[in-house]
Amino acid sequence: MRKKGLLIVISGPSGAGKGTICKRLLESNANIKASVSATTRGPRVGEVEGKNYFFLSKEAFEEMLEQDAFLEYAKVYDNYYGTPKKYVIENLDSGNDVLLEIDIAGALQIKEKFKEGVFVFILPPSMEELKKRIVGRGTESEADIIKRYGAAMEEINQVIQYDYAVINDNLDRALEDVEAILKAEGCRVNRVYQDIQSRF
Ligand code: ADP
Ligand code: 5GP
């Protein structure tokens, strides 16, 4: 019924469970395509080039910037991250939904360009649980854990900039919430109006 795909933007503090929710969402929704970001951060154990990120040197990242190849970019926890433009535009135009898991500064840049995007903020149930999850994930150094946890409260204060907030206490329920949001967004009259007009 819809011609253009949904641009779904997911943000939230480190450890809230964005990656886990996005992975589950992609597994059960073939029409949602994940945008793969470019970053200057090094790969974590198990991360795959071109799947989790495009891992770039600072120089290569700057070259892409010069070529205006990013839809948005931001410095997050001391590294650069950016969304390559081409993949997102091509997929939205061909009717696929596109998922961006990006930080708040990046999401606000997207909001400027795509007012029709769906902006979802993922929250942990508490700060204590957030700390447990960041530490429990075991992927960051102690300095990085402190940096990420230290930024969390300020990030949570930005939830007001988003359309939807989902508290990730129980993973299955949080996923259900995100799926319900997307389902309702897909039925917004402004998204289906053209199709309705062509039918009647
Ligand atoms: P983010 O992408 O937001 O930084 P992750 O998806 O990497 O967060 O999740 C951080 C850690 O918390 C991971 O170890 C993940 O398995 C765990 N986690 C995610 N969601 C839940 C949940 N609902 N309950 C308990 N642990 C969770
Ligand atoms: P991580 O290093 O944990 O993978 O990601 C750190 C932060 O960078 C997270 O908040 C994540 O959402 C954000 N991020 C990942 N890719 C991008 C991107 O392309 N653009 C922006 N602005 N942020 C991103």
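Helices (H or I, at least four residues) and strands (E, at least two) are taken here as DSSP runs, numbered from the N terminus. The model is a predicted one, in which local features need pLDDT of at least 70, side-chain atom pairs count only at pLDDT 80 or more, and totals for linings use all residues. Residues are numbered from 1 along each chain as its sequence is written.

**Exercise 1.** Determine which helices each supply at least two residues of the shell around ligand 1.

*Solution.* Begin with the shell itself: 13 residues surround ligand 1, a residue being counted if one of its heavy atoms lies within 4 Å. Among the closest are Gly15, Lys18 and Arg137. Then assign the helices: helix 1 (18-28) and helix 5 (127-137) each supply at least two residues, and helix 1 has the largest share, with three.

**Exercise 2.** Find the polar contacts (pairs of N or O atoms within 3.5 Å) that ligand 1 makes with arginine 137 and aspartate 169.

*Solution.* For arginine 137, an N or O atom of the side chain is 2.7 Å from an oxygen atom of the ligand. For aspartate 169, a backbone N or O atom lies 3.1 Å from a nitrogen atom of ligand 1.

**Exercise 3.** Work out which helix gives the most residues to the lining of the largest pocket.

*Solution.* A pocket is an open set of points on a 1 Å grid over the protein atoms alone, where a 1.4 Å probe fits, with protein on both sides within 12 Å along at least five of seven lines, and lining residues have an atom within 4 Å of a point. The largest pocket has a volume of about 1,500 Å³, and 48 residues line this pocket. Helix 1 gives the most, six residues.

Conventions:
Chains lettered and ligands numbered in written order. Heavy atoms only, no water. Polar contact = N/O pair within 3.5 Å; in protein donor to acceptor, adjacent residues only side chain to side chain. Points joined across faces, edges and corners; volume = space filled by probe spheres on them.
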